[in-house]
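Dear colleague,

Please find the structure below, with its sequence. My findings on its core and helix packing follow.

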Amino acid sequence: MEHHFGLITVNKKPVPLKSISVNLSINDFVAGVSTTLNYENKEKVPLEAIFVFPMDEDSAVYSFEALVDGKKIVAELQEKMKAHRTYEDALSKGHQAYLLEEDDYSRDVFSCNVGNLHPGSKVAVTLRYVQELPLETDGALRYVLPAILNPRYKLSERSANSCLNIKTPIMPLEDLPYTLRLVATITSQHGIEKVQSNCSLSPIQYLADDMTSAQVSLAEGYTFDRDVELLIYYNEVHSPSVAVEMGMPDMKPDILMGAPSVMVSFYPDIPDVEASRTCGEFVFLMDCSGSMESPMNNQKDSQLRIEAAKETLLLLLKSLPMGCYFNIYGFGSSYEKFFPESVKYTQKSMEEAVEKVECLKADLGGTEILKPLLNIYKAPSIPGHPLQLFVFTDGEVSDTFSVIREVQLNSKKHRCFSFGIGEGASTSLIKGIARVSGGSAEFITSKDRMQTKALGSLKFALNCSADDIALSWDLPSGLLASMLSPEQTVIFRGQRLIIYAQLTGTMPQVESSGEVCLKYTLQGRSLENRVTFSLQPKANAGFTIHRLAAKSLIQTKDWGSHETSQKTQEDVINISIQSGVLSSFTAFIAINKELNQPVQGPLAHRVIPRPVMSASFCAYKVKSHTENCIAKSSCVSKGNVASTRKVKKSDSSIKKTNLQNDYKGFGEKVALQLILLQKANGSWELDEDLTKILGTDLEDIKAANPAKDGDPSAWATVLAILWLHANGKDMKYEWELLERKAVTWLHDHAGSSIPMLVQAANSLLKLPVTPAVFGL
């Protein structure tokens, strides 16, 4: 009979990783994280334990150490190949060795090797990192501790060396053999309003009477079944700020870590100015790979990723302005596009696109995103219509650097708005393609409404952005500011801009101040924001600002071994080793040469199992291209989607597609059913489907129309807008663009009769909606 001791994996192997403990310290807009992995070897043979885990790509990992029998062993950051040789040499001599490295092909995947963990040994391995916290549209600061690492599709043979290809056992979340503990301490001069999470938290404890300090922790019994997300709300987050941090005293004052560093946070007060109504080519790139059939998260009744993405795509289609151009791509191992080239947005093209959206399924195999990207970029530009690319994907790609590099090479001709769908989405891919193209990135997991975030990005794309961005400094004589952040090309209304700089020269001996000015143009107008700050640098043992600045520099230079020149690799290695911040070309290595007993026998390898979404645990079927065509024959003939069979249309074809039955998320919201009835030009038709939503009879509505000789659609459109204001307030962010389009149409077609129509509609529906919503 076979006996196993300790925790057992699905492969009947003991698991040496017992628990993960996370201490999170959030100070205003920066998070400092200390994560400890507790190992114990209950076997009779020495082990090498390998743990592959996700981390946000913005994390600047700067410390790695091991605690063995009360002895602390601090790791050294070395060039990666040298660290690997040191590690292998240590193992061959019977020493304990510890190796932490970032994957060669993705910034958000790390591996930790614990070598020569001898029988009975207990080891605590701790890594520390800092990161900026992104600002959500509702003003929340968002921190995520990634737990889910989904399998990622291999883009090319050259990514075979990725640590993602280690044969890591996976298991259902409920069987995961290690636990997670997290405690978060939050401090902010702005005052902490509330903290929310997708996980059960202990009640928030305020540590100061003025509510500037608080602490929360994961509730007892947390099972590592999802990414841990914290949303922190401060009383005021939109004021600009400047922080100056002292350099390391033992470093030369002319290098990155020796000179004072500055972190500038700007929230430009950009007016809400709408761009030209017909300006833009909108291309939607929709992930239809097999993994999109997985649920958004592990919660009961969680919506499938592909269904949530399709609902969002429909809402975006409805929100586009008349006269723009658009196209939709579905991609997996192959790709298909709705139209041979981007088409003008009209009622006919919108109806055709909506019909084809119904046919999208998660059945195109792997995640080959590069091929459709290349196809999009090689298409000729449409004069007067800048390309705006919207990418919806769960981000399960192994070689993310190749994709990001391609987007950067084409950044002059487009902006990319990216959406990571479901837990486990690659932060490296989603954030990377948005960052290098001047777009924005959003992540949609559990309770988030994808529609809200997608519509927010569409507003960015439609509104005028700030251009010609320049930063100027007013500093005392002898002091200069050198930029460390990449050049910013665009700022959207409501976005935060973080800039890092280095102060070189002679710092003033007496208390003094400096000023930084952000200048930009908006539709030919010159605007600026100024901030005055103290030039007395503050000491910080963690050198947080310096390390975040170093991470920013590394992100602009480090494209993995296959995309980075030899000279740039050397620059990255120098920045990494000087700052202590990990890169894809460096690794942390720690050696313990003082074992109490020699290691006997060969090492047994134990790869730590990783959590995986329950639906993904049952591997999805990867269909061939031919099988896809057969499976989708009711919607698409062989070839691309442009050959979709023609469906007999009528003026009411949108509503006759029964979308509210096909998509439960829409059926549950009457407001979304109303939105589906809106025409491309922004108007509604006066018909039975509209009156059912309004809760009245068609003949009664016709009789109440005060403009008997006018266009019935004007009357219907006024009624629809009033109904949305009265009944869809919780979704207002999702229909603001639709309303804007409807009001524009009304002014063009109803003109002076709008006040009369509004008054009659309020009377009929017994509503108090103000005529101001129509711009009156």
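Which residues does phenylalanine 282 touch, not counting residues up to four places away in sequence? They are Leu320, Pro321, Cys324, Tyr325, Phe326, Asn327, Gln388, Phe390, Leu458, Ala461 and Leu462, where contact means heavy atoms within 4.5 Å.

This is a predicted model, in which local features need pLDDT of at least 70 and side-chain atom pairs count only at pLDDT 80 or more, while totals for chains, interfaces and linings use all residues. Residues are numbered from 1 along each chain as its sequence is written, and side-chain values use heavy atoms, leaving out hydrogens and water.

Phe282 and Trp684 have the most contacts inside the largest nonpolar core, which has 84 residues. Such a core is a set of buried (under 20% relative accessible area, 1.4 Å probe, protein chains only) Ala, Val, Leu, Ile, Met, Phe, Trp, Tyr and Cys residues joined through side-chain atoms within 4.5 Å. Helix H18 (residues 712-727) gives the most to this core, with ten residues; helices are DSSP runs (H or I, at least four residues) numbered from the N terminus.

H18 also packs with helix H19 (residues 732-749), at an angle of about 155° and with the axes 11 Å apart; axes are lines fitted to C-alpha atoms over the stretch in contact, and angles run from 0 to 180 degrees between N-to-C directions. H18 is therefore roughly antiparallel to H19 (an angle over 145 degrees). Among the residues in this contact are Val718 and Ile721 of H18 and Trp735 and Leu746 of H19.

Helices H8 (residues 544-557) and H9 (residues 566-579) pack at about 165°, with their axes 10 Å apart, so they too are roughly antiparallel to each other.

Yours sincerely

How values were computed:
Helix = DSSP H or I, 4+ residues; strand = E, 2+ residues; numbered from the N terminus. Parallel < 35°, antiparallel > 145°, perpendicular 65-115°, else oblique. Buried < 20%, exposed > 50% of the residue type's maximum accessible area, 1.4 Å probe, protein only.
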